[in-house]
Amino acid sequence: MSDLIIRIGGEGGEGIISAGDMITQAATRSGLNVLTFKTFPAEIRGGYAMYQVRFSKDHIMSEGSGSNIFCAFNQEALDKNKADLKPGTVLIYDYPDGDIAEEVKIDGVTCYPLPMSRIAKKDLEMYRAKNMVALGALSFMFDIALEELKDLLREKFGKKGEQVVATNLKAVDAGIAYMKEHNKKTDPFTMGNVGKMAKDVIIISGNEAAGLGAVLGGCRFFSAYPITPATEIANYMAQWLPKLDGTLVQAEDEIASLANVLGASYAGARAMTSTSGPGLSLMQELIGLASMAELPVVIVDVQRGGPSTGMPTKHEQSDLFMACHGGHGDAPRIVLSPENVADIINLTAEAFNLAEEYQMPVLVLSDGSLGFRTESITRPDPAKFKLVTRARYAGGEGFKRYEITPTGISPMSLPGDDVAGSYIATGLEHNESSNPNFTPENRVKHCDKRFAKLKTLVDKYHAPELQGDGPADVGIISFGSTMGVSREAVALARKEGLKVKALHPRLIWPMQVEHIKAFAATCKKILVPECNAQGQLAELLRGQTGINPVSYRLYDGLPFSPQQLLTKIKEVM
Amino acid sequence: MAATTEALKAKDYRSGIRAVWCPGCGDYGVLNSVQNAFAAHQLPLNSTVCVSGIGCSSRLPYFLKTYGFHTAHGRSLPVAAGVKLARPDLEVVVFGGDGDLFSIGGGHFPHIARKNVDLTLIMMDNHIYGLTKGQSSPTSNPGSIGTITPYGSPDTSNVNPLAYALTYGATFVAQGFSGKPKQMDAIIQEALNHEGFSFVNVMSPCLTFNKVDTTDFFKGAFIDLPEDHDKGNLVAALDRAFNAPAGKVYSGIFFQTRKPTMVENLRALNKKQKADKNMDLNIAVDWFKP
């Protein structure tokens, strides 16, 4: 078997997340590819928590469609997932003597009872080991990295002493023993051994990837305010920037964090902040200032369910309008859209180069699905990350900070350069010397200058990636994590012989209008799946390219599944 | 501090741009004192950065030849902090008014103060919004008349900038008056000298819109802090920030103490982590090995 999805659900605080992390890590060590998907309650303890791992011997493009195996820690988890327990799937559940009171029988579903609560509480006298009982059972039953799991336990708990290691190993073995004794395997799901882990693999979350990408992109100044689901980016930067002799600031709010970053950038630093929708809303005025004063800044936005406090822990892609058009006035900015975790590393690093080159804010639009997931990916090689730096004032008289040039890009001086390079960075409309100037002629000249940089970028930027060739009945355009789902759905459709293709743009703003039009010209219909209620990408595409796509919107807090999208493709055809 | 061969005079700090304030505005006096203080310290033109928010007084950086950043309304302090924390080698001076710093930007002040970011903040306090033509500000007297409070402001209290700064941990707190230029020169010089966050509140009357707290009013009101005032005593400083003799206001240095600055604290933290600009980035990547 080459592809398997296991989901574990239960009460927050029962060790669901740590169990999921462990099987994910063990599987990676055994040579499997992994991609995880989690939902947390907004509360610290209590509430429903879910961890899903997709294992594969091949590259994984998305969370997948539903799950093959569901492991229920309690009744609530079982109820929440009943709809996904379709014929052919497997259920492992806490029974008897656990939270689930009755034996479960579902037509076509293989149900294995496992009294994980009882085993942990009564036999092992350590209720917290419940998750380890379940892990042992899962690892054994579906032949996923059992030896690696045990090694990992010894490493993880080694510091806490022999006793803790022994108890956890005992819990794993108890889970295995119970399954051996009481449940005859009747399902077909067996992952099997792949052999050895590839040498150059790392396992990393989307949020950590944004941090790593920033570090590889030369970021040495970071300021942020805590916000779900972006806090892990700050955590990563906080851990590594001091080692790199960088500057880490926890700001008093998101306005201050972007203000810190603007000041640092003005002084020459490669600087970044990270946030989610509510924080990005607060930053709008200063994004305009960065655009007006032409300062390189990078903002990573991990989108969540909005508006207002919305659904902080849920996935959504509803900040696209705000990213491209937010704030008052006409303020050019660049928006990048990563498809997966590896992409986040590359695009966040690239964001610094683009910010430096074009002297404007660059936003990386991550989302809940990308931020929280972990993936096993090819290890990035730091030597391959080349840093582009801003055009610099060379010294001497006659310097004009906002000199009109054909590309729109003008050299920038930094404090500490010659006195002749001094200027006042400003949010006021200004002339080439950066003095306030509101004459009609000057206004138009400088507004056009700032937008000229976007044209320079579009002319220069690599073409968006194309999946599939020739004429197609349906062409898909999406952004962010939905690109991965589209990629998988298109692959499935093409396997079925359907004429379907996709365009996967990394540069979402400014739009690569000519490339998109050329793509659309080869498709009978354009389908735009996205996780928001208004069809924001479809709307921008209409305005920018004149094409009229079929908009497919999901806004229930979950990402699309490839099957869902495949069904829609067939419906649209 | 000076790196130039020829000494800079006060006028050498002026840019060619003519100041745009109304005739008689207190801000002219502040600009003069700032130039004098810069010259007294021989601040290099190229490594001094003047940061401001929005308002009449926030135009000040344009009139100086140093580097500068005219930010957004209320955001001078966090932008200035970014400059200083990224480049501790720079001298960073912040200018703004009472509305900019205590109303729209009021949320930043406590944090810059308690973090002791090494900035010099010079507030030009005129008890009114001047650029928008006369509205009641956080330092206006309760009941004051403004264009949005034509029947009197319904606010119960006004902000006491000195007490506010003292309470939130500013390590240098002083008050001056644009009508007492010699004292103001001395205060600003001391503020620039201070290592840590220094706050100078300068009463800078608005002749155009504030008909109550006028230059004449302040001329009669300002008295020097008593000679025996102990500027190392926070409680005494707070007492004098609140309790001047009836109808009077104190000017002078209320409080000064030396505490680690944020830059010093960050350096210490980095040092503990064996900070190395040239750290092999492979270490940061391999941390993710399964």
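Two residues are in contact if their C-beta atoms, placed from the backbone, lie within 7 Å. By that rule, B:Val173 has several partners beyond its neighbours within four places in sequence, among them B:Leu162 and B:Phe199. The model is predicted.

**Where the chains meet**
- Chain A brings 53 residues to the contact, and chain B brings 45.
- On chain A, the elements that each supply at least two residues include α1 (16–29), β7 (201–205), α7 (206–216) and α10 (277–293).
- The top contributor on this side is α9(A), with 9 residues.
- By class, the chain A side holds 33 nonpolar, 11 polar and 9 charged residues.

**A strand link between chains**
- β15(A) is joined to strand β2 (residues 67–70) of chain B by 3 bridges.
- The two strands run parallel.
- A:Thr426 has B:His70, in β2(B), as its bridge partner.

**The largest nonpolar core**
- In soluble globular proteins, nonpolar side chains tend to be buried together.
- Here the largest nonpolar core counts 186 residues.
- A:Leu262, B:Val83 and B:Val173 have the most contacts inside this core.
- Helix α12 (residues 341–358) of chain A gives the most to the core, with 11 residues.
- Domain 2 (203–384) and domain 3 (465–572) of chain A each provide at least three of the core's residues.
- The other contacts of B:Val173 outside its sequence neighbourhood include B:Ala165, B:Leu166, B:Ala237, B:Phe254 and B:Phe255.

**Another core**
- Another core, of 60 residues, lies apart from the largest one.
- Among its residues are A:Ala19, A:Met61, A:Met116 and A:Ala137.

Terms used: Residues are numbered from 1 along each chain as its sequence is written. Chains are lettered from A and ligands numbered from 1 in the order in which they are written. This is a predicted model: local features need pLDDT of at least 70, side-chain atom pairs count only at pLDDT 80 or more; totals for chains, interfaces and linings use all residues. Helices (H or I, at least four residues) and strands (E, at least two) are DSSP runs, numbered from the N terminus. Ala, Val, Leu, Ile, Met, Phe, Trp, Tyr, Cys and Pro count as nonpolar, Asp, Glu, Lys and Arg as charged, and the others, Gly among them, as polar. Two strands pair if DSSP finds at least two bridges between them. A nonpolar core is a set of buried Ala, Val, Leu, Ile, Met, Phe, Trp, Tyr and Cys residues joined through C-beta atoms within 7 Å. A residue is buried if 20 or more other C-beta atoms lie within 10 Å of its own, exposed if 12 or fewer, and partly exposed in between; C-beta atoms are placed from the backbone. Domain bounds come from an automatic or database domain assignment.
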